Amino acid sequence: MTRRVVVTGIGVVLPDTQTVDDLWANQQNDRSCIRTLSKHIRGSAIDEAALAGNIAPRLSKKLDSFTRYSLIATRRALDDAGVDIATADKERCGVFVGNCFGGWKFTEVELRHLHCEGPRAVSPFQATSWFPAAPQGQITIFYGIKGFSKTYMADRASSLISVASAANLIRQGKLDLAIAGGTESTNTDFIKAALASIVAYDAEPAWPLPVTADTYGFLVSEGAVFLILEDGERAARRNARVYAEIGGFGMRNGPCAPDQYTDDPKPLIRSMNAALGHDVPDLVLPDACGLRSADSAEAAAIEEIGRHVPAVVPKMKYGHSFGAEGALDIAFACLMLRKQQLVPSRYEPSSPVPDRGAGTAHKNLRHILINGRSMGGAVSSLVISKGEM
Amino acid sequence: MSGRDELNSVVLAALTAFLNDDDVDIRPDTRLEDDLGLDSTEIIDIFVDLEKQLRVSLKDIRFSDLKTFDGLVAAIAERVDHGASVTA
């Protein structure tokens, strides 16, 4: 029998956001995290000073920011779920991480050391700090987790895939519990330069649109969001609070240039239909990447699956956090389903993706559909459903 | 203060800075791996710091040959005495 997979814990490390309560409260006010990050990039960034004391200095100095974020978010998710990994069967726990860029904040410094002082001056921790699977490794080492674990790199769909993969293994009975989500550090000179080239190439996002907190566009963020996924029966046995249930997942490809998002709506229609099955969405959290041609295609795809389905983009309070982005949308979906309330929507859409979910109370919010896309044409969709014990 | 005492202080300061733990008590017979939990990568980081301070190469010292704090100081003293120069 296929098992149900439920979300019992959420942990976040985001700009100006340290708790799940912060995450929800930030949607209810007019304050924005968005600011200028470089000449061509706007978005939000984490104040690392606010994280001091969360990780022992001896360990912290070996890690890139994206791994620090992941360790802190993981601990917060476990605390939120009331799970003590020490008492769990570690062979049946896994760690699933979405990431896009790896550890460039650490690497940038070490490249300066290499070219200014020579190879001996490069930190011996460079090798274990930069690579995208570093958070997975550090989380498993820290908690002694021995079950199947994996890191997924798929641009902004990375953590939709990491969560869907974790849920699939729990469903199949291969794991009982998973720490799943994503992490990203983007506030580095190298990453901002790389992203600026996307902005310049596509020449479509926010510039020269009015630069306000409520402006759509290619806004960049960072941070980590991790979820505790459990077998539904296990969660029920320990009387855990259930935020929501992980539903269907779909992934399709519409091959295009490797540095472009597909402007063909058909792959996304197929991935959304694959994820939904017979479910009807009550709300869509679109990918809404902020690039006009890609967002036009997504808007057309959403129209195709349901003309009257509302859509909101709560992540734009922060911008796009790439590897963490899918997990952030899942966290928003969990909170909305748990509270049976939509986040207010205040954004002035300069991109064609509809933001038509303004409102608060929703009496029967059952299924929320989330989209994520990757450069080169991959598209993913995941359904989060109301948790019922 | 003798040269060995001075070296002892420099190595102790580098080790203490790395560990960043006020509660740790380092004595001559303190075991690097068993008591302080140091591993081979961590000792390289400490060596690189010491190489900058002492202007001496510590490249050839094997972690597996180092057992205690006193042994660490002795191994570094040997390099200092032989005037091993820093090479990038």
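Visitor: Is A:Phe142 buried or exposed?
Guide: This is a predicted model; local features need pLDDT of at least 70, side-chain atom pairs count only at pLDDT 80 or more, and totals for chains, interfaces and linings use all residues. Residues are numbered from 1 along each chain as its sequence is written, chains are lettered from A and ligands numbered from 1 in the order in which they are written, and side-chain values use heavy atoms, leaving out hydrogens and water. Buried means under 20% relative accessible area, exposed over 50%, and partly exposed in between (1.4 Å probe, protein chains only). A:Phe142 has 51% relative accessibility, so the residue counts as exposed.

Visitor: How many aromatic pairs are there over all chains?
Guide: Rings of Phe, Tyr and Trp (its six-membered ring) pair if their centres lie within 6.5 Å. A search of the whole structure gives a total of 6.

Visitor: What kind of pair do A:Phe96 and A:Phe148 form?
Guide: Planes under 30 degrees apart count as stacked, over 60 as edge-to-face and the rest as tilted. Here the ring centres are 6.2 Å apart and the planes lie at 40 degrees, so the pair is tilted.

Visitor: How many residues apart in sequence are the parts that this pair ties together?
Guide: Helices (H or I, at least four residues) and strands (E, at least two) are DSSP runs, numbered from the N terminus. A:Phe96 sits in strand E4 (residues 93-98) of chain A. A:Phe148 sits in the loop between helix H6 (134-143) and strand E5 (150-152) of chain A, so the separation is 52.

Visitor: What is the angle between the planes of A:Phe142 and A:Tyr143?
Guide: A:Tyr143 is buried, with a relative accessible area of 16%. The two rings form an edge-to-face pair, 5.0 Å centre to centre.

Visitor: How many salt bridges cross the interface of chain B and chain A?
Guide: A salt bridge is a side-chain nitrogen of Lys or Arg within 4 Å of a carboxyl oxygen of Asp or Glu. B:Asp45 forms one with A:Lys61, the closest N and O atoms being 2.9 Å apart. Across the interface the rule finds 5.

Visitor: Which element gives the most to the side of chain B that touches chain A?
Guide: Helix H1 (3-19) and helix H2 (40-54) of chain B each give two or more residues. The top contribution is 8 residues, from H2(B).
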